[in-house]
Amino acid sequence: MRLSDLLFVSGAWWLAYGLRFHSALFASPENHLFRHYVVAWVIILLVWGGVFEFLDFYRPRRLSTHWQEVLDLIKCSALALLIFLTVLFLVREIVLSRIVVVLFWTASLFFLNVSHLVMRGGLRFVRRHGYNLRHMVIVGTREQSERLLENLAMYRHLGQRIVGLFPIDDAAWTDRRSDLRIIKDPGELLTWMRTARVDGVFVALPLEQSLRLREIQEWLADEPVDLYFVPDLGNLARLHGNVEEFDGIQIISLQVSGLYGWNSVLKRGLDLLIGTVVLCLSLPTMLLIALAIKLTSAGPVLYRQQRMGLDGRRFEMLKFRTMIDDAEGETGPIWSADDDPRVTTVGRWLRWTSLDELPQLINVLRGEMSLVGPRPERPPLIEEFRKTVPKYMLRHKVKAGMTGWAQVNGWRGNTSLERRIEYDLDYIENWSIRRDLKILALTLLGGFRNDRATHL
């Protein structure tokens with residue numbers, strides 16, 4: 001792979017040189033010294049080879065995805081380009097065409113990605129047909145081992161063939177496949193591993209038994225095999241859990257929001273684009289609603305209410321007023337009941353059509369809310385909900401929304417709070433722009449009618 005990459009990088013460099021100076025794509029080729037491009041080519045080989053090696057790009061990737069390899073390739077190439085440009089800046093005697101450098105980097109990225117894709121595709125093909133396999137043993141509890149076996153069976157192209165099982169619990173394993181060796185004695189395991197030429201061991205344990213990992217490491221201390229720990233984080237990891245490394249220390253993220261970086265930019269752009277268009281289109285309707293509210297009941301047109309949004313921050317949410325003025329002066333913040341006498345005639349219709357929510361487009365444009373996300377609640381009620389509903393506060397890892405996954409699935413108004421939380425967390429865990437557009441489409445197709453028009 002190293003040799004292949006250097007060959008493709010060289011090909012990209014001389015292709016860029018040929019396109020710039022020996023093709024009809026660019027008019028009036030500028031004066032240049034060929035030896036400068038030869039010297040630059042040597043620098044490129046040293047820099048690209050050194051950077052890819054320094055960043056450990058050629059490490060084994062059986063348990064990695066192709067997209068992770070593509071991302072690493074872009075990072076390595078970007079750093080190599082930066083170092084190459086720095087060298088050119090310091091060695092001012094070398095004069096190169098900027099067009100050649102741009103063409104080279106673009107072509108090298110394309111060539112390297114294609115070559116790696118072909119290489120990985122070829123490896124996956126031969127692994128599916130029983131070649132280039134690594135023979136592995138699973139040491140662990142039955143539940144964990146079963147799960148790992150099922151997952152590896154779905155990804156045969158990784159070339160991880162399980163040949164043995166070492167159960168550390170008392171569960172029966174008599175129903176296992178005949179091609180798996182089941183061993184329950186550590187001494188027998190070591191003897192068999194040497195004769196069977198086992199390449200590695202997966203240790204699949206729940207966290208409460210993770211201390212046994214040290215014992216298993218002692219068993220395998222003198223064995224030339226790879227050792228992988230597969231902890232059970234299923235009950236702990238929430239919202240895009242992953243493993244990162246900080247100065248040699250492995251850090252497991254158990255709950256983080258997936259809306260950061262470009263994801264956050266894309267979602268904000270969608271909010272601004274669609275929010276502005278919808279606000280402009282709905283202005284005549286909003287003016288008529290405001291006039292109807294003013295003519296039929298005393299009090300302000302808009303109702304301003306404290307709600308909790310992203311990271312638990314409070315903001316003032318806007319709605320058209322649907323109750324008599326100061327309706328909660330005596331009762332405090334409570335859910336309104338069916339046929340609540342505090343709801344005005346116009347307000348009842350606004351709730352039924354959900355048009356009372358239209359002013360929240362202003363909250364969206366101000367960045368306090370999003371078009372799609374968990375519906376915001378009032379702080380006093382949140383303090384009660386968080387005591388009785390598990391994982392309730394995780395819904396605040398994203399901005400609150402005008403509509404959400406729970407709402408388009410019927411969980412709105414006076415419905416199960418637990419079920420709404422399940423849908424909210426599912427939305428956060430599996431967020432995508434495509435899903436936001438789907439929820440917006442379902443909101444429009446389902447109409448604005450709210451049969452459970454129970455509000456705060």
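Colleague: Which residues in α2 meet α3?
Modeller: On the α2 side they are Ala40, Ile43, Ile44, Val47, Trp48, Val51 and Phe52. They meet Leu73, Cys76, Ser77, Leu79, Ala80, Leu81, Ile83, Phe84 and Val87 in α3. By class, that contact has 15 nonpolar residues, 1 polar and no charged ones. Please keep in mind that this is a predicted model.

Colleague: Thanks! At what angle do the axes of α2 and α3 cross?
Modeller: Roughly 140°, and the axes come within 9 Å. Helix α2 covers residues 34-54, and helix α3 covers residues 66-90. The cut-off for roughly antiparallel is over 145 degrees, so α2 and α3 are oblique to each other. Their crossing is right-handed.

Colleague: And what does α2 meet in α4?
Modeller: Tyr37, Ile44, Trp48 and Phe52 of α2 meet Val100, Phe104, Trp105 and Leu112 of α4. The residues of this contact divide into 8 nonpolar, no polar and no charged. Ile44, Trp48 and Phe52 are named in the α3 contact and in the α4 contact.

Colleague: How far apart are the axes of α2 and α4?
Modeller: They are 14 Å apart, with a packing angle of about 40°. Helix α4 is residues 98-128. This pair is also described as oblique, and the crossing of α2 and α4 is right-handed.

Colleague: Switching to strands. What is the strand order in the open sheet of 5 strands?
Modeller: The order is β3-β2-β1-β4-β5, with parallel pairing.

Colleague: Which strands stand at the edges?
Modeller: Those are β3 (181-182) and β5 (226-232). Each has a single partner strand, so one side of each is left without a neighbour in the sheet.

Colleague: How many bridges pair β2 with β3?
Modeller: Strand β2 (residues 160-167) pairs with β3 over 2 bridges, in the parallel sense.

Colleague: Which strands does α5 lie across?
Modeller: Helix α5 (residues 142-154) lies across β1 (134-140), β2, β4 (200-206) and β5. It runs at about 130° to β4. Helix α7 (residues 212-219) lies across β1, β2, β4 and β5 too, running at about 160° to β4.

Colleague: Now the hairpin of β8 and β9. Which residue there takes a positive phi?
Modeller: Asp311 does, with a phi near 55°. The hairpin has 5 residues between the strands. Strand β8 (residues 302-308) and strand β9 (residues 314-320) run antiparallel and are joined by 7 bridges. Arg307, for example, has Phe315 in β9 as its bridge partner.

Colleague: One more residue: is Val364 buried or exposed?
Modeller: Val364 has a relative accessible area of 0%. Buried means under 20%, so Val364 counts as buried. Its place is in helix α10 (residues 360-365).

Colleague: What does Val364 touch, not counting residues up to four places away in sequence?
Modeller: Val364 touches Arg268, Asp271, Met369, Ser370, Leu371 and Met402. Val364 and Met317 are 47 residues apart in sequence and 9.8 Å apart in space, C-alpha to C-alpha.

Colleague: Last one: how many helices and strands are there in the protein chain?
Modeller: There are 14 helices and 11 strands. Of the 456 residues in the chain, 43% are buried. And among contacts between residues at least 6 apart in sequence, 71% join residues at least 24 apart.

Key:
Residues are numbered from 1 along each chain as its sequence is written. This is a predicted model: local features need pLDDT of at least 70, side-chain atom pairs count only at pLDDT 80 or more; totals for chains, interfaces and linings use all residues. Side-chain values use heavy atoms; hydrogens and water are left out. Axes are lines fitted to C-alpha atoms, for helices over the stretch in contact, and angles run from 0 to 180 degrees between N-to-C directions. Helices (H or I, at least four residues) and strands (E, at least two) are DSSP runs, numbered from the N terminus. Angles under 35 degrees count as roughly parallel, over 145 as roughly antiparallel, 65 to 115 as roughly perpendicular and the rest as oblique. A crossing is left-handed if the near helix is turned anticlockwise from the far one by less than a right angle, and right-handed if clockwise. Contact means heavy atoms within 4.5 Å. Ala, Val, Leu, Ile, Met, Phe, Trp, Tyr, Cys and Pro count as nonpolar, Asp, Glu, Lys and Arg as charged, and the others, Gly among them, as polar. Two strands pair if DSSP finds at least two bridges between them. Buried means under 20% relative accessible area, exposed over 50%, partly exposed in between (1.4 Å probe, protein chains only).
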